Amino acid sequence: MLYTENVDAGWFVLQKKLSLFALPLVIGTSERISKKQFENILKIFIASCLVVSIICICHGLYYYCFHNDISYLHPLALTSIMNIDRIYFAIYLSFCILILSYFLINYWSNYSLQLKIFFLIVIIYFLAYIVFLGAKTNLAITLFLLSTAGLFSYLRRKKNMMGISAIMLLFIVT
């Protein structure tokens, strides 16, 4: 803040960076949470990203339908209502996809058919939203992680230790 001429922008950037410092501090000093509580926090994160993405689309469609302004559906303006950069939001959506995949892989037998279908629809929706945001690198990394996680899960269930070792070696080398 000492070297900036635009104090408002400086405070905004500082606010974003401060959360990166404060969150680990709060989590590290808090009481340990159970696995169930942690999974509930992850589900709330997924639900909030789903709601935010729907709000952003509705906002863009509102301006398109009632004001004949298609610029609000542009990837750079789509997330502007939430004051978040499109790339950051795409990263959040990628994290949601990986969380949903984790739930599907680990709790497949516990979930009803309707819930499995809902999770898959949300994954496809998030993937499409990432494409719409124009975050191509993010999409490529997400698809790579999804395919690797799926392969790893398949090999783990088949008890194929040679395949698991090959995947681990591939990650170490790259």
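Q: Is asparagine 68 buried or exposed?
A: Keep in mind that this is a predicted model. Asparagine 68 sits in the loop between α2 and α3 (75-78). Its relative accessibility is 69% and the cut-off for exposed is over 50%, so asparagine 68 counts as exposed.

Q: What is the phi of asparagine 68?
A: Asparagine 68 is not a glycine, yet its phi is positive. The value comes to about 55°.

Q: Where is asparagine 83, which has a positive phi in a residue other than glycine?
A: Phi of asparagine 83 is near 55°. Asparagine 83 has 54% relative accessibility, so it counts as exposed. Its place is in the loop between α3 and α4 (86-107).

Q: How many helices and strands does the protein chain have?
A: Reading along the sequence gives the pattern α-α-α-α-α-α-α. In numbers, that is 7 helices and 0 strands.

Q: What share of the residues of the protein chain count as buried?
A: The cut-off here is under 20% relative accessible area. The protein chain has 174 residues, and the share of them that counts as buried is 27%.

Q: Among contacts between residues at least 6 apart in sequence, what share join residues at least 24 apart?
A: A contact here means heavy atoms within 4.5 Å. Take the contacts in the protein chain between residues at least 6 apart in sequence; the share joining residues at least 24 apart is 62%.

Q: How many disulfides does the structure hold?
A: A disulfide needs a pair of cysteine sulfur atoms within 2.5 Å. For cysteine 56, the nearest cysteine sulfur is that of cysteine 58, 9.4 Å away, and cysteine 56 is in no disulfide. Cysteine 58 is in no disulfide either, with the sulfur of cysteine 56 as its nearest. The count for the structure is 0.

Q: Why does cysteine 56 count as buried, and what does cysteine 58 count as?
A: Cysteine 56 counts as buried because its relative accessibility is 1%, and the cut-off is under 20%. Cysteine 58 has 45% relative accessibility, so it counts as partly exposed.

Q: Which residues is cysteine 96 in contact with, leaving aside its neighbours within four places in sequence?
A: Cysteine 96 is in helix α4 and, at 0% relative accessibility, counts as buried. With neighbours within four places in sequence left aside, the contacts are Phe45, Ile46, Cys49 and Phe126.

Q: How far apart are the C-alpha atoms of phenylalanine 103 and glutamate 39?
A: Phenylalanine 103 is found in helix α4, and a relative accessible area of 0% makes it buried. Not counting residues up to four places away in sequence, phenylalanine 103 touches several residues, including Glu39, Leu42, Lys43 and Ile46. Along the chain, phenylalanine 103 and glutamate 39 are 64 residues apart; their C-alpha atoms are separated by 8.9 Å.

Q: Which side chain of opposite charge is nearest to lysine 116?
A: Lysine 116 is found in helix α5 (residues 113-133). Leaving aside neighbours within four places in sequence, lysine 116 is in contact with Leu104, Trp108 and Tyr111. Lysine 116 is buried yet has no salt bridge, and a salt bridge would need a nitrogen-oxygen pair within 4 Å. At 16 Å away, the nearest side chain of opposite charge is glutamate 39.

Q: What separation do the C-alpha atoms of leucine 120 and serine 101 have?
A: Leucine 120 lies in helix α5. With 39% relative accessibility, leucine 120 counts as partly exposed. Leucine 120 and serine 101 are 19 residues apart along the chain, and their C-alpha atoms are separated by 8.6 Å.

Q: Which residues form a nonpolar patch on the surface?
A: Take valine 51 in helix α2 (residues 35-67); at 46% relative accessibility, valine 51 counts as partly exposed. The patch has about 290 Å² of accessible area together, and its members are Val51, Ile55, Ile81 and Met82.

Note on methods. Residues are numbered from 1 along each chain as its sequence is written. This is a predicted model: local features need pLDDT of at least 70, side-chain atom pairs count only at pLDDT 80 or more; totals for chains, interfaces and linings use all residues. Side-chain values use heavy atoms; hydrogens and water are left out. Buried means under 20% relative accessible area, exposed over 50%, partly exposed in between (1.4 Å probe, protein chains only). Helices (H or I, at least four residues) and strands (E, at least two) are DSSP runs, numbered from the N terminus. Lys and Arg count as positive and Asp and Glu as negative; His and the chain ends are not counted. Patches are made of residues with over 30% relative accessible area and no salt bridge: like charges are joined within 9 Å, nonpolar side chains (Val, Leu, Ile, Met, Phe, Trp, Tyr) within 5 Å. Accessible areas come from the Shrake-Rupley method with a 1.4 Å probe; for residues, only the protein chains shown count as cover.
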